[in-house]
Amino acid sequence: MILVSACLLGQCCRYDGKSKPDPKVLELNSKELLLPVCPEQMGGLPTPRTPVERRGERAVDREGKDRTEQFKKGAEEACRLAKLYGCRTAILKSRSPSCGCGQIYDGSFSHTLTEGDGFAAEALKMAGIHVLTEEELDACLA
Ligand code: SF4
């Protein structure tokens with residue numbers, strides 16, 4: 001079973017109440033068992049919600065509220081479910097402060113990218129799970 005960011009499968013769990021369905025992930029769903037998770041919702045945040053970016057070890061929303069606790073809880077829940085379902089791979093939404101892998105927004109809310117992982121991607125990697133984004137799926141499946 002592969003853990004997947006729920007928004008990539010069409011779940012309306014994003015901060016703006018929308019989804020981000022990805023054709024390659026939807027296609028993969030017909031071949032593999034996918035486990036959809038949304039770490040931000042599992043951490044207790046509402047949908048829609050004020051957008052958050054990662055600032056070092058903190059998660060801060062656009063109004064300056066600290067959301068680190070919710071982001072850490074969501075990351076822990078994603079890891080717990082990955083372990084429970086025996087997921088060895090996770091396909092996560094690129095650039096998200098939870099799910100982003102390798103590149104995320106820099107915390108300035110100016111659309112500036114920086115190197116780094118979202119909270120859930122980082123925790124899943126530390127748990128030994130192979131994490132990639134939907135943008136890397138072609139290379140992985142080739
Ligand atoms: Fe999608 Fe992950 Fe953001 Fe949830 S936390 S909306 S699954 S990118």
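Helices here are DSSP runs of H or I with at least four residues, strands are runs of E with at least two, and both are numbered from the N terminus. Before you click, know that this is a predicted model, where local features need pLDDT of at least 70, side-chain atom pairs count only at pLDDT 80 or more, and totals for chains, interfaces and linings use all residues. Residues are numbered from 1 along each chain as its sequence is written, and side-chain values use heavy atoms, with hydrogens and water left out.

**Stop one: helix 3**

Select residues 68–84. These 17 residues form helix 3, which reaches 24 Å from first C-alpha to last, close to the 24 Å expected at 1.5 Å a residue (the expected span is 1.5 Å times one less than the number of residues).

Now color Thr68, Phe71, Gly74, Ala75, Ala78, Cys79, Leu81 and Ala82: they are buried (buried is under 20% relative accessible area, exposed over 50%, partly exposed in between, with a 1.4 Å probe and protein chains only). Look down the axis of helix 3 and its buried residues fall within an arc of 165°, so they line one face; the arc is taken over the directions from the helix axis to the C-beta atoms. Turn to the other side for the exposed Glu69, Glu76, Lys83 and Leu84.

What covers those buried residues? Among the elements to show are strand 1 (2–5), strand 2 (34–37) and helix 4 (119–126). Then step past helix 3 to Gly86, which has a positive phi near 65°.

Jump to Thr47 and Pro48, joined by a cis peptide bond with omega about -5°. Pro48 sits in the loop between helix 2 and strand 3.

Next, pick Arg95, a residue other than glycine with a positive phi, near 70°. Arg95 is in the loop between strand 5 (89–92) and strand 6 (103–105).

**Stop three: salt bridges**

There are twelve salt bridges in the structure (a side-chain nitrogen of Lys or Arg within 4 Å of a carboxyl oxygen of Asp or Glu). Start with Glu122 and Arg54, whose side chains meet at 3.4 Å, N to O. Glu122 is in helix 4 and Arg54 in strand 3, so this pair ties together parts 68 residues apart in sequence. Arg54 is buried at 7% relative accessible area, while Glu122 is partly exposed at 29%.

Finish at Glu134 and Lys93, another salt bridge at 3.4 Å, N to O. Glu134 and Lys93 are both buried.

Note on methods
Contact = heavy atoms within 4.5 Å.
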